[in-house]
Amino acid sequence: KYEFNGKESKSREYAFQNELDGSRLFFFCNHNFTYIELKAGESIEIEISKKGFRFSGANKLKNEYLYNFCQSAYCSYPSALNSKIVRTNVLAHPALLSGAELFQEDKLKGLTSLEDECLKQLDKSKITDENFIQQQKLLIKYLKEEMLLSDYSYAKALKYDIPESFFKLIESITFEDADLLDFPRKWAILSDYSRYLKDERKVQFNMVNYIASFASEIKDQTVKESYIFYELNELIQRKNTFKLLEIIDACAPLIKTETGQKSYTECRRMAEQMLSRMPLDGEKVFPFAYKNQEGKVVKLSDFKGKYVFIDIWATWCGPCKAQMPYLKQLEEEMEGRNIEFVSISVDSPRDRQKWLDYVKKNDMAGHTLMADNALKDEMMVKYGVKAIPRFMLIDPQGNIVSSNTPKPSDLSFREYLKKIIK
């Protein structure tokens, strides 16, 4: 990330590392953005004004086109896709979009012709580089799907009402071509698509078959298998022990290719190896005892006879905060059932006041505790907690149901908890 103050009147010069050669760069300034084509040994100039960006130097034609493309494709309508691209690349947080902005009728009508308009714009660019043209055509091909699915996930997260006219557009989405695997944000698209299928109950699923159920809706076999292995490898990398082998086995009937069969065998081997190094489900859980925000020591034994759902988090962790509304929602849904919710912060002890302020300001759900030694605490070391958020489920006898459960935002997991806990 290369930063500068866009309000400065003077020029600034930057040199990029050789390993970025061939990469498409992202340029963001004054709430405006574009992609940049720049190869080793080349130089470009970008003039910034209220009217936008002007380019000179190497790849002038391509960079002018890319700027105009970004304006047409990502900035012509209020969309969560614009926010996602900016947030992913520069960690900036654009202003929230309202439901009215997200679903304005002019935008929904315009989406039906957006692909054709972007293709015409590419044809008029006079660019002759065939690789560049094919790369752009792929971005354009999935532009409508990416925008619709991004807007859907955004609206669901903010609990906006979604109009029927929007659902008519999103229901037409299918993934029938293997070229999706060359799309740079393919996993984000498929993740949003699986959320749509899940939240709108377009498929029948449970805690074991959810990956298989979503994958079965993908038409192209290569994309289907790639999605399955992406999701399974994510579970293994995150050390998600919850019904892991059953989830993997549920995907087996969908694997048809020879390459897929080999990948499946390797995936299951990696899962078994990971599980062999983790605390076994059914073991007694570490008997933690940490102070709450009032300074009172709260022990695991205080919850004897109840299920305990543990959230390990920190005030500096963005993904942890993103799960907070779902955790509060889960607690409300489970009210009156035999379960307690415990949030354990792994903030540094020197940041205790920051933690206290956050807990008070956000009216956090359940019991809020702070580990004595952050991620170096004995409990965190024992359960291999290196990345957060991390969730655990303990049974009424103090045994581990899972040392790494799905997130509270996972609808199938919430349904599972309601079935086993009365």
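Helix H1 (residues 60–73) packs against helix H4 (residues 105–123) at an angle of about 170°, and their axes are 11 Å apart. The model is predicted: local features need pLDDT of at least 70, side-chain atom pairs count only at pLDDT 80 or more, and totals for chains, interfaces and linings use all residues. Residues are numbered from 1 along each chain as its sequence is written, and side-chain values use heavy atoms, with hydrogens and water left out. Helices (H or I, at least four residues) and strands (E, at least two) are DSSP runs, numbered from the N terminus. Axes are lines fitted to C-alpha atoms, for helices over the stretch in contact, with angles running from 0 to 180 degrees between N-to-C directions.

H1 and H4 are therefore roughly antiparallel (an angle over 145 degrees). In their contact (heavy atoms within 4.5 Å), H1 contributes Tyr-65, Asn-68, Phe-69, Ser-72 and Ala-73, while H4 contributes Leu-114, Cys-118, Gln-121 and Leu-122.

Turning to the loops, Lys-159 lies between helix H6 (143–157) and helix H7 (164–170). Its phi is near 60°, a positive value in a residue other than glycine. Lys-159 counts as exposed (over 50%) because its relative accessibility is 66%. Ala-374, in the loop between strand E9 (367–370) and H15, also is not a glycine and has a positive phi, of about 50°. With a relative accessible area of 16%, Ala-374 is buried.

Finally, Ile-388 and Pro-389 are joined by a cis peptide bond with omega of about 10°. Pro-389 belongs to the loop between helix H15 (378–382) and strand E10 (390–394).

Conventions. Parallel < 35°, antiparallel > 145°, perpendicular 65-115°, else oblique. Buried < 20%, exposed > 50% of the residue type's maximum accessible area, 1.4 Å probe, protein only.
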